[in-house]
Structures are given as C-alpha cells and as structure tokens.
Amino acid sequence: MRIKALLEKYNLRPSKGLGQNFLYDEGIARKVIAAADLTPADHVIEVGPGLGILTRPLAEQAGRVVAIELDRCLVEILRETLDPLSNIEIVEGDVLRTDLVELVPPGVPYKVIANLPYYITSAAIRHFLEAPRRPQLLVIMVQREVAERILAAPGEMSLLSVGVQFYGQPRLVERVSRGAFYPSPQVDSAVLRIDVYDHPPVWGDNPARFFQVVRAGFSQRRKQLRNSLSAGLGLSAQEITNALRAHNLDEKLRPQTLSIEDWGKICDAIPISR
Ligand code: SAM
C-alpha cells in the first residue's frame, strides 16, 4: 500500500499531535474530489496534503492547487513526489496563520478541499468562513460527530452549526469508516460539502453583531433566552422580554431550538447594548 510504503521509505511515523491519519482508500479520495465539481478554471486550497493522496488528482482536475502543510518532513516529500506537476504550490506553514489573500490572486474565486487534522477542525472552518475573501465552497473530511453537529437542524443547534449555516449550506457527501485511514483513528469520519453564500442572507451586513447575540444566547445553554441574552448583552431581563415580545418572539425559548432565521429576528428585535 502506497501510504505505508512512503512512510517506510522516508522513515516517518505519523504524528498524533498533528492529526496525521492518512487516507489510503482511493475510492473515497475520488469521491471527495468529485464533490468539488472541479474544472480547469478552479483555484484550490488544500489544507494538510499529508502524503498527497488528494493533491495529485486535485492538480489533474483543477487549474491551480496551493497545498498548505505544517509538517516540514511531509513538505519535502511532497515537493519530491509531486515535482513534475507544475500547477501545485506547496506552502509550508500553519493554515490558521496563513493569510488567504496572499494565496489566491485578487478577484479569483477559490475552493477549499481538505481531510482536516481533527485538532483544528472548527478553527480551520472558521478561518475560511470568516475570512475577508471566503471560498465558493469547501469539501472537508471531519469526524462524523462534528459533521452531525454542523448539519444539525433546529432542536439540536449549537454555536458550531449556527457558525457554519450562517455562511453557507452544508450537506453530507459520504460517511467514511475509520478503516479508510492509516493509522485508523478512534472514530468514523464524514465528508461534507459547504456551499458558501456570496452574501449571508440573514444579517450578512453585520456578522459581528449577529454572533454577539448568538454567543450570548448560547453562553448558558440550559437557560431561557431571556436570561442568557440579558447576562451576555448587558441588558435587563425586562428589556429583553419587551424587545422579543414586540416581535412576537418567545423569551422562554432555548438556543438549540432556533434556526438562523430565528436568530436574525432576535437580532432585529434586540436593541444594541449600552
Ligand atoms: N490530506 C492527507 C490525507 O488525506 O491523507 C493528510 C490528512 S491528515 C488527516 C491532516 C494533515 O494536516 C497532516 O498531513 C498534518 O501534518 C497536516 N496539518 C496538521 N496541522 C496543520 C496545520 N495547522 N496547518 C496545515 N497542515 C496541518
């Protein structure tokens, strides 16, 4: 098998700390790439190319691939093994510290493809969704439980699902068993595609305000909205109740039951805190 052979050849041990669970099922790799609907016009950013199972086929279908890898040993191997492909740029570094503006030419749309290292899953998703230049879409492999949280519907919402569904529409591409990786992680995975809105449809002009209210709402999950919003926004419980009632919103709701649209209405209702 190619992954094990490469690790042996270069005398490498996968690093747990860097979330190195290498995908070796090429059928799954093909599905990840197919989900991105690539054309030769596409610019792709790949996070954590590892030993390159996704990188090479990406470069065969997209116009240009920039792959950001933190592990210097892997960067050297990738530069050696992917050498003849001229449309790949391997960047050594931490994706969370990478300025996306420098990676893709101005005005050019881009797509993100990644089998994400599990320890930065949420941070990496936020890094792209909250960037001044957001991608058109992301196709990402994440832990199955994280995928379920991202895809959650009202009743099961969390800061993570609101954080993603505010910016785009996630859908499940494929469930992936832990056996598709070397070494096998403790849990199964899933591939998600997130289609990013050009402009978020609810409170898209002021995400900072939207998330100020959402964070306040989730700060005390078990409490009713009236109390958590009051504590988080520095307004009295009575002010919150009055504002919500004036917009026909129930102050006793709990944050996990609310959709993005509901949060938008709550933001409309609540006066900016003093
Ligand atoms: N894409 C490869 C695959 O599918 O087999 C590797 C995926 S592995 C789950 C995650 C990769 O991300 C590893 O190669 C790891 O070294 C790299 N990585 C870990 N932390 C990173 C970071 N902060 N920035 C960029 N790459 C990182």
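Mentor: In this predicted model, the C-alpha centres of domain 1 and domain 2 are 34 Å apart. The domain assignment puts residues 2–196 of the protein chain in domain 1 and residues 207–269 in domain 2. Contact between them involves 11 residues of domain 1 and 14 residues of domain 2. The size of an interface is often given as the accessible area lost when the parts come together. Here domain 1 and domain 2 bury about 1000 Å² between them, with 78% of that area on carbon and sulfur atoms. On the side of domain 1 that touches domain 2, six residues are nonpolar, four are polar and one is charged. Salt bridges between domain 1 and domain 2 number zero, while three residue pairs are in polar contact across the interface.

Gln165 sits in helix H7, which spans residues 159–165. Gln165 counts as buried because its relative accessibility is 17%, under the 20% cut-off. A polar atom of the Gln165 side chain lies 2.9 Å from the backbone oxygen of Ala152. Beyond its neighbours within four places in sequence, Gln165 is in contact with Ile150, Leu151, Ala152, Met157, Pro170, Tyr197 and Ile260.

Ile260 leads on to helix H11 (residues 260–269), where the buried residues are Ile260, Trp263, Gly264, Ile266, Cys267 and Ala269. The cover over the buried residues of H11 includes H7, along with helix H8 (207–218), helix H9 (225–233) and helix H10 (237–246).

Methods: Residues numbered from 1 in each chain as written. Predicted model: local features only at pLDDT ≥ 70, side-chain atom pairs only at ≥ 80, totals over all residues. Heavy atoms only, no water. Helix = DSSP H or I, 4+ residues; strand = E, 2+ residues; numbered from the N terminus. Buried < 20%, exposed > 50% of the residue type's maximum accessible area, 1.4 Å probe, protein only. Polar contact = N/O pair within 3.5 Å; in protein donor to acceptor, adjacent residues only side chain to side chain. Contact = heavy atoms within 4.5 Å. Domains from an automatic or database assignment. Buried area = accessible area lost by both parts, 1.4 Å probe. Salt bridge = Lys/Arg side-chain N within 4 Å of Asp/Glu carboxyl O. Nonpolar A, V, L, I, M, F, W, Y, C, P; charged D, E, K, R; others polar.
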